[in-house]
Amino acid sequence: MHDDRRTVEGRLTRFVRTWLEPATYRAFQPLEITRWVAPGEPVPFATATAQEFSPVEQGAFWGAAWGTTWFRVQGSVPVDWAADDDVAVELLLDLGFTADRPGFQCEGLVYHPDGTILKGLNPLSAYVPWDPARRGAGIDIFIEGASNPDVAGSYDFHPTDLGLKDTAGDVELYSLGRMGVALRDVTIWELRQDIGVLAGLMEQLPLDSPRRHRILRGIERMLDTLDPDAVSSTAGEARAILAPLLADRAVASSHRVTATGHAHIDSAWLWPARETERKCARTFSNAIALLDENPDFVFAASSAQQYAWVKRSQPELFERIKERVTSGRFVPVGGMWVESDTMMPSGESLVRQFVFGKRFFLQEFGVETEEVWLPDSFGYSAALPQIAKAAGNRWLLTQKLSWNRTNPMPHHTFQWEGIDGSRIFTHFPPVDTYISELSPAELLHAERNFRESGVADRSLVPFGWGDGGGGPTREILAAGERARDLDGLPRVSFGSPREFFEAAEADYPDAPSWHGEMYLELHRGIFTSQLRAKQGNRRSEGLLREAELWAATAAVRVNADYPADALRDAWEQVLLLQFHDILPGSSIAWVYSDAAESYARVRESLEGIIRDSLRALAGEGSTPLVANASPSAVGDVAALSVAERPEVLAPVGLVEDGAGGITMDNGLIKARLDPDGSLTSLIGDGGGRNAITPGGSGNRLVLHRDTPNEWDAWDIDEHYRRNAEVLRPAPGSVSWGVREDGVAFVGTRIAFGGSTIVQTHELAPGAVRLDIVYDIEWRERQKLLKLYMDLDVHAERFAAESQFGHVYRPTFVNTSWEAARFEVCAHRWVHVQEPGYGVAVVNDSTYGHSVVTEERAGGGRATVIGLSLVRAPLFPDPEADQGRHRLRVAIVPDATIDDAVDQAYEVTLPPRPLLGDHGVEPLIDVGRGAVIDAVKLAEDGSGDVVVRIHEHRGSRATVELRPRFASTPAVAVDLLERPLSEGECMIEDGRIELRPFQLVTLRFRRTGADHATRPSL
């Protein structure tokens, strides 16, 4: 009688664990180990190996958190260990790995004494192949051991001090495992791989499947043949029994999988960026070792920044990467500087992600990547298709949307259409992971889950461990080899993303479309966490705009040197900090300490460029001037120009009424605050209409309990709304007055818990907006501070600024898709409108917003705009957002989209006062039909002027280009500043017809030194 299924499976598990695994290595001989502990940060190989090493034994503890310990391992291969087809000599190097979870514990990098990197070490790849015929019988290697702590633990999200080196402690975390030379039995190892695939397939097949029963009986016969007392001598016969089961071919209609080796390495997350640099070296060297052993294997890696790190710190390894890139086996993908967040960076930042990434790959490898590779970013902006296409990309891959908690995406292969109508062929791998092991369970999930079944039959599976886990392993490759054409599984082929996309696009020319943003129904807290990082990004983006504009203007007007290197360095720092675990606020404290230093360096550098450029342009006199880097005029100061500083207008009127309320009035705006500081009236210049709903408030601060179910820094869960405390100022805390510059202010002070908020309302002479400035001393934990504005506008949708335009979202909830969008991203403004009247809300620091229609008692209704100002998550940084913050918000009544754009620039990029001799004319004018996003010199050093514009209203527009310097006619170029093919963008007589939200980059070749007469003041 045959054993039943469970008996056979239990027997198999026991046999593998008890006999096969121990027999995989026939022999083991320990090696001599010595060590040297680096006293601080990591040091280069040459520095470390010149030190005096001390003996250490197996079992010794080593490695305080974030430390580096160098080990030297020496000995020899026994003379009778000749490697042949049946055995392989390997070094087994166990640093004391604590679990089979690579990337979140200690790691190592193995060097030859000449400095050549051999391979990385992690718990799933703790070996180094050693061929005595090639390397010699003598063994001498160095290991750079990184004692990184497991910050995540079991993802219980408890606060931890491990995220900062100064608080992580000096306890040694790891106990040194065995290190020696071993003889691997290749036949037994291969048998284990055979069993893994067949047993995994058997588990996935239906209980009544004949194929399942054949595999079950085959495994049963194999177990009967394999002798526990002579595993090595019977393993070959055992493999022969399983061979026919592995030879059964897949049916012709099987799903087709392109398996692409990959290692998703977060550029910083639960470790600092300096550690990512070393993780890249470990992972890339592992990939090269596997490429050398497996001729069909293809490894893809994104992020030019990571290649740049390897080039800087490991030039010999970088040269080997270049060789494999040339052969098409090591494949750069993505074409971005890092795998950035795509929701919060400005349009120009996303442009530069592609410009810097693609230029690096072109310059270093001669390769132009054409696929956007963003498996793990937290949502995807509706502006991305246009930006990606304008950078020369054809395809896009993402995986993260499989994390949606409410609504699954309806497609896996589709055309994604952006706000301007641009489309990009997009794939969302149905395997639902980007760290696949090519297991039968995963492959069959991809086949069963594929939503385009019946009209398409191809998907991509990214496989390999990320985050320092070393990427693919030889076990994963063995699983893929066995799944190439195996009955019961999809057909698997190793290949590059390009090979997949070309085949998928050809097979599926009529793919369905998805229009607009791809919103991740999870991780909504990332628009608010780590406020200082958000502010650093927003302010750096503004400074970069100013620095490029004035430096380019100085280069054209007065032949000043253009600081290309300094600008490039600043951009690279800012682009790195837009990585999808840095800017979103989901990294450890060390990352944000580094970020603060980087933003400070960027600010200092760019302020110096701006200062020097304006001095060269305007002279060093004493006339009060103002530089306006905004794309629209501010008062009498034209866009992109320097002009005489306007005279101060009459002070704003400020009156206390009999009821104790205070009214501010500058002739354009009238605002009234109640005695308790509540903003109850805001009237613009458009007919006396109050923007605030009756009985509502325009400045209601609410403290919410913020305890997400998991993923602290990442998530805001909908239940936060059910725990709300309205914050009110203490009696008698309202103060008011008029400053020397004529600005009226009304301030209130609110104290709660251990925190205080000073809320100051400011109305400037001539302003069309009311500013509210928040000085916050924040000492809360697991709380969310929101500012709500109750607006008397009947709006079924609201506009939220996005890159190069805006997106509309509903204010009502009719569907599960709308319900899931209870917290969304907007850049500097949101706008609500009914026919004939609108209100804009502008900010200088905030990305997280909520906008809903609320019914009020008595039948009234309000459109309520909520801005998430600051949070206090405990993991992974228990001190996140603690301390002092300053933010600015503004309300613009009776506002159009144009007003929202203009005021957003005034708030985030205010005119810059300076002293000089004379004004400066703008380099170019395009009128009100478009917004000028960037003015710079060309990346190739030619001195050509590059201008980027976009249509901002969402309507068609005609733009007249009016350059004010000697040049040839403008040429439309792509984002890499290469001429577009005929018909892609027509310029006739200096005019361009723009479609809604169209992005256009223009290149002007200067025809001579431009010394136009400077206007007198």
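Author: A salt bridge is a side-chain nitrogen of Lys or Arg within 4 Å of a carboxyl oxygen of Asp or Glu. This is a predicted model, where local features need pLDDT of at least 70, side-chain atom pairs count only at pLDDT 80 or more, and totals for chains, interfaces and linings use all residues. Residues are numbered from 1 along each chain as its sequence is written, and side-chain values use heavy atoms, with hydrogens and water left out.

Reader: How many salt bridges does the count come to?

Author: Side chains of opposite charge can pair when their charged atoms come close. By the rule above, the count comes to 92.

Reader: How many residues apart in sequence are the parts that Glu 348 and Arg 948 tie together?

Author: The side chains of Glu 348 and Arg 948 meet in a salt bridge, 2.5 Å from N to O. Glu 348 lies in helix α10 and Arg 948 in strand β47 (residues 945–950), so the pair ties together parts whose separation in sequence is 600 residues.

Reader: Are Arg 871 and Asp 706 buried or exposed?

Author: Arg 871 forms a salt bridge with Asp 706, with the closest N and O atoms 2.8 Å apart. Arg 871 is in the loop between β42 (861–870) and β43 (883–892), and Asp 706 in the loop between β29 (700–705) and β30 (724–727), so the pair links parts 165 residues apart in sequence. Buried means under 20% relative accessible area, exposed over 50%, partly exposed in between (1.4 Å probe, protein chains only). Both residues are buried.

Reader: In which helix do Arg 615 and Asp 612 both lie?

Author: The side chains of Arg 615 and Asp 612 meet in a salt bridge at 3.3 Å, N to O. Arg 615 is partly exposed at 37% relative accessible area, and Asp 612 is partly exposed at 41%. The two are 3 residues apart, about one turn, and both lie in helix α17.

Reader: With which residues is Ser 598 in contact, leaving aside its neighbours within four places in sequence?

Author: Ser 598 lies in helix α17. At 13% relative accessibility, Ser 598 counts as buried. Contact means heavy atoms within 4.5 Å. Beyond those neighbours, the contacts of Ser 598 are Gln 573 and Leu 577.

Reader: How many helices and strands does the protein chain have?

Author: Helices (H or I, at least four residues) and strands (E, at least two) are DSSP runs, numbered from the N terminus. The secondary structure comes to 19 helices and 53 strands.

Reader: What is the radius of gyration of the protein chain?

Author: The radius is taken over C-alpha atoms, and the globule rule is 2.2 Å times the number of residues to the power 0.38. For 1017 residues the rule gives 31 Å, and the chain is close to that, so it is as compact as a globular protein of that length: its radius of gyration is 31 Å.

Reader: What share of the residues in the protein chain is buried?

Author: The C-alpha trace spans about 100 × 70 × 60 Å along its principal axes. Of the 1017 residues, the buried ones make up 61%.
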